[in-house]
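Hi,

Here is the structure I promised to pass on. Have a look at it first, and my notes follow below.

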Amino acid sequence: MRLPPWQFWLSLGPALTLALLPLPPWLSAWNPDWVALVVIFWALNYPGRTGVGAAWCAGLLLDVMQGSLLGAHALAMTVVGYLTVKLYLRIRVFPLSQQALAVAMMLGTYHFVLFWVEGIVGGPAPGLDRGLAIVLGALTWVPLQAFLKSMWPRIVKD
Amino acid sequence: MATSSNQYRPLLLQGPSPGLRFLLLCVVSILLMVLDHQQHHTRSLRAALSVATYPLQVLVNMPYSAGAWISETLGTRSDLMEENARLRNQILNQQFQVQKLEALQAENNRLREMMRSAAEVAERILVAEIRSVDLDPYRHNLVINKGSRDGAYNGQAILDAYGVIGQITSAEPLSSRAILITDPSHATPVEINRNGIRTVALGSGDPAELRLPFLPNSTDIQVGDLLVTSGLGGHFPPGYPVGVVNEVLRDPGKNFATVTARPSAQLDRGRQVLLVWFGTPRSSQDLVEPEPET
């Protein structure tokens, strides 16, 4: 098994930072899932080395930083990583709008797993705010993937 | 093209199939969650990883600490003098109150001795600063900059100048995570200051509201009553303000009254909190009630 390239960890740092960014309460539910987006990006463009395992590591780090149940984000992120690695050949050739739609599905799955875990543990049941995070996440995908591609064009050229 | 030798553009995947890895990691995640939820066996793992992510926390907090530092350094002389005078005044006022308090405490101790009950144990406090770090938006948690290195421990009470804020849920080496009293999964043992009725204040998920669902309709409770910690459960020192009752609804059709309170502490403002160390709870016979702590 080959380890993810250093570029993956480098882009994970700002994503974790953005996930921790202090925002007013009404805005913080809207904060897109930066870490999940970065994981999808790498799984899509470099599935040989950043797939399920890298997604799991990113999720575990997010768990530790957010203080949530250890393994909850890791599980959700693993699901997202697996789906992306399974479908990467198809998603890669989608036009950007359809790609954003696929990302929205991924984020929906991600939130579903988190919601499910929280339901079992007996946490608070959040309302429709999660939907906003999914929509904003899909919208963020367009500039984010363009930015990451321009950062490392040699690696992610497809 | 069956397999690409170009390591930058793999067309087909190599190594163990992602499906196998996926299953394996799912099992590991679920195992971790069970361990973390049931027994908190994962404390050392969490502590180790938290040290690795500590720089990110500091980084996120940096604009805020830099802003505070700049405004303090560039504050004008007159501003500082004004603040100084105000603080001096405040200290004078508080010293006056403390004098009275010491006399009262001595008297209280004498009375307690006469009634053969254990005296209050002296408390020790440490000021900690809240880090501006956004955690799970559906939970009321915060991160403070004192950890187990400074003596913080799991379950330690956290106060601010106005009342109880919460308790530490995980003391990591350099920082700690705390749960607020308004988190939906937190319960604070309280008593009504006016008449000593004991109950439990649950978090509501709203930073400005606590719920008191276990009071029968006949309970003597009014709007404006002060709720203080009862010290039962042993997590919070007794006698600190928790909240003020702001709504009492008595529906004759229901067994329990609907009572809500507003937290006394400034949960969504302020940067400094106090960590409290206190001795054993007042006496062992106070602890017969089941302890509803989180």
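Helix 5 of chain A has a kink of about 75°, centred on Leu87(A); the bend at a residue is the angle between axes fitted to the seven residues ending there and the seven starting there. Helices (H or I, at least four residues) and strands (E, at least two) are DSSP runs numbered from the N terminus. The end C-alpha atoms of this helix (residues 72–93) are 31 Å apart, which agrees with the 32 Å that its 22 residues should span at 1.5 Å a residue (the expected span is 1.5 Å times one less than the number of residues).

A word on conventions: this is a predicted model, where local features need pLDDT of at least 70 and side-chain atom pairs count only at pLDDT 80 or more, while totals for chains, interfaces and linings use all residues. Residues are numbered from 1 along each chain as its sequence is written, and chains are lettered from A and ligands numbered from 1 in the order in which they are written.

In chain B, six strands close into an antiparallel barrel in the order 6-7-8-11-10-9; strands pair if DSSP finds at least two bridges between them. Strands 10 (241–249) and 11 (258–263) of chain B share six bridges, with Gly243(B) partnered by Pro263(B).

Pro216(B) sits in the loop between strands 8 and 9 of chain B. Pro216(B) counts as exposed because 10 other C-beta atoms lie within 10 Å (exposed is 12 or fewer, buried 20 or more, partly exposed in between, with C-beta atoms placed from the backbone).

Enjoy exploring!
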